[in-house]
Amino acid sequence: MTRWRWWWSAATRSWRGASFRDRDGLRLGEGQRRLIEAVRGANPRMVVVLESGYPVIVDAPTLLWTTHAGSETGHAVADVLFCDVNPAGRLTQTWPASDDLPDLLDYDLIKTGMTYLYGRDRPLYAFGHGLSYTSFGYRGLKVRGDQVSVEAANTGDVGGDEVVQLYTHQRRSRFAQPVKRCAASSGSRWTRGSRGR
């Protein structure tokens, strides 16, 4: 057992070094930031298309993010940029607003607040964030016991998909509880002007 502990300790030290990362923080590199500023100077209505697997702090007027989605990523991005497809994706992770993050190897999520469940800082983009070319409105929230319903309506000019998300917080407990938790979500396609519960 002693040999195993020594190996893990040695592996942890080397993993914490430069060999496990490609950048020091969540911000884009200096060259990428300068490019965005130069293009923004020429055209303030620019769109930054970012393909990454992890959150990035980026200052852009409009951001279209995609993960490493495979060989059709280029076609999918073009379809969204040219309004052939109305985007409807939602973030599956929280994008912090600053590089002031806890140690990557500290897995105590309650203490570090590393996930949307326990994070108290205002993020750049929250878990579940996503935009569309249309807009949606909500009204008539009803709670009956453990059943929750709300009326949603497409209030925009085009059809689109919406993901209704319900976040909850347990007020009293003997144990630490999440600041918020996604208790339910439901996605639907909505034509212009349609509504439903």
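I started with burial: of the 197 residues in the protein, 21% are buried (under 20% relative accessible area, with a 1.4 Å probe and protein chains only). The model is predicted, and local features need pLDDT of at least 70, side-chain atom pairs 80 or more, while totals for chains, interfaces and linings use all residues. Residues are numbered from 1 along each chain as its sequence is written, and side-chain values use heavy atoms, without hydrogens and water.

Next I looked up the elements. I found four helices and seven strands (DSSP runs numbered from the N terminus; helices are H or I with at least four residues, strands E with at least two). From the N terminus they run α-α-β-β-α-α-β-β-β-β-β.

Then I turned to a sheet. Three strands form an open, antiparallel sheet in the order β3-β4-β7 (two strands pair if DSSP finds at least two bridges between them). β3 (136-144) and β7 (195-196) are at the edges with a single partner strand each, so one side of each has no neighbour in the sheet. I noted seven bridges between β3 and β4 (residues 147-154). R144 stands opposite Q147 in β4.

Last came contacts. Among contacts in the protein (heavy atoms within 4.5 Å) with a separation of 6 or more, 60% join residues 24 or more positions apart.

Note on methods: Buried means under 20% relative accessible area, exposed over 50%, partly exposed in between (1.4 Å probe, protein chains only).
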